[in-house]
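Please find below a short note for discussion. It is arranged as numbered points, to be read beside the sequence and the structure.

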Amino acid sequence: MDLDQIHTFLEIVRLKSFSKAAQTCYRTQPAISAQIRQLEQELNASLFDRLGTRIALTPAGRIFSEYAEQILELRKQAQNTINELERQPRGELVIAANESNCIYVLPSVFSEFKKQFPNVELHVDRSYGRRVVQAVLENQADFGITQLPVEERRLEVAKIYTDELKLIVSRDHKLAKKNVVLAQDLIDVPLLLPRAGRTRSRLNAWLELIEGDTNVSMELDSTEMMKRFVRAGLGIAFLAGTYCREEIRAGQLKAVSLGPEPMVRRLGLIYRKDKALSKAALGFIQVILEQTEDGVNGNGAVKPAVAELEKQER
């Protein structure tokens with residue numbers, strides 16, 4: 001049983017004629033008759049009594065006509081609801097990201113998105129490093145915000161933000177007056193390092209020159225703890241400059257570039273290539289490109305998505 005058969009049945013009931021129904025349904029009368037025979041076989045009941053040139057509904061036909069009208073009405077309601085969803089998107093988007101990026105990089109993105117899509121809920125899946133990628137791959141999150149590069153063929157990747165990982169010290173620390181620090185400058189200096197993740201891996205490589213002389217005082221997974229511990233004189237930390245803007249402006253902390261080359265951090269927006277993007281999802285991509293500092297396409301992936309949104313709006 002399909003909706004076309006039901007529509008044909010109701011047209012015959014309305015017009016009380018197979019031939020007239022064939023005209024309104026743009027089919028031949030034999031085709032109309034074949035549809036009704038198939039419907040009767042499926043229901044295992046006759047729907048019409050043929051009385052010479054006249055037709056009448058059988059008792060089964062009268063019962064089925066009531067349900068058939070309800071079925072088509074439900075179809076209409078479903079279509080209207082879906083159309084309304086496109087005009088006023090609803091539902092939710094799940095964003096996998098670490099807490100620091102949500103606090104220091106994404107507030108303007110979330111704020112602008114909620115202005116444009118007030119009925120769409122944003123949920124943050126607090127994840128770190130590889131877990132962000134896995135959350136997107138396993139369809140537990142619609143989007144991920146993570147450090148680049150991301151080498152995964154199943155994902156679309158767009159660079160959205162760039163900043164610099166810096167040495168963070170208290171304002172009266174002996175290294176606070178330096179413009180650049182080398183790994184050798186940190187021999188036996190108490191270090192506050194991230195417990196795991198991409199930043200920790202990069203720092204381990206940078207500190208290899210003094211591997212035997214490093215003094216790892218604490219391993220922490222909280223940016224706020226690191227900043228507070230640095231201010232308390234418990235050690236020095238390595239954080240993205242974005243995370244310390246307020247404290248640096250207030251003169252509570254100092255940020256020093258790492259040498260011999262700056263350690264640049266690039267953040268990317270990732271999502272599955274095979275994922276169907278709703279209007280809200282396309283809107284999120286557009287907003288994040290507009291609100292973040294880079295807002296540029298890393299590999300040609302996001303511009304087509306934004307173009308699709310613009311096409312839908314036209």
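1. Which residues in helix 1 are buried? In this predicted model, they are Q5, I6, T8, F9, L10, E11 and I12. An α-helix has 3.6 residues a turn, so residues three or four places apart point the same way.

2. The two ends of helix 1 also deserve attention. At its start, a side-chain oxygen of D2 comes to within 3.1 Å of the backbone nitrogen of D4. After helix 1 comes K16, which has a positive phi, near 55°. The helix itself covers residues 3-15, a run of 13 residues. From first C-alpha to last it reaches 18 Å, close to the 18 Å expected at 1.5 Å a residue.

3. Strand 12 covers residues 263-272, and seven of its ten residues are buried, so the strand is largely enclosed by the rest of the structure.

4. Strand 12 pairs with strand 5 (residues 143-147) through four bridges, and the two run antiparallel. Within this part of the model, Q147 has L267 of strand 12 as its bridge partner. Strand 6 (residues 155-170) is likewise joined to strand 12 in the antiparallel sense, over ten bridges. L165 stands opposite M263 of strand 12.

5. The cysteines may be considered last. Zero disulfides are found in a search of the whole structure. C102 is buried, with a relative accessible area of 15%. C25 also counts as buried, because its relative accessibility is 9% and the cut-off is under 20%.

Definitions and conventions. Residues are numbered from 1 along each chain as its sequence is written. This is a predicted model: local features need pLDDT of at least 70, side-chain atom pairs count only at pLDDT 80 or more; totals for chains, interfaces and linings use all residues. Side-chain values use heavy atoms; hydrogens and water are left out. The expected span of a helix is 1.5 Å times one less than its number of residues. Buried means under 20% relative accessible area, exposed over 50%, partly exposed in between (1.4 Å probe, protein chains only). A polar contact is a pair of N or O atoms within 3.5 Å; within protein, one must be able to donate a hydrogen and the other to accept it, and residues adjacent in sequence count only if both atoms are side-chain atoms. Two strands pair if DSSP finds at least two bridges between them. A disulfide is a pair of cysteine sulfur atoms within 2.5 Å.
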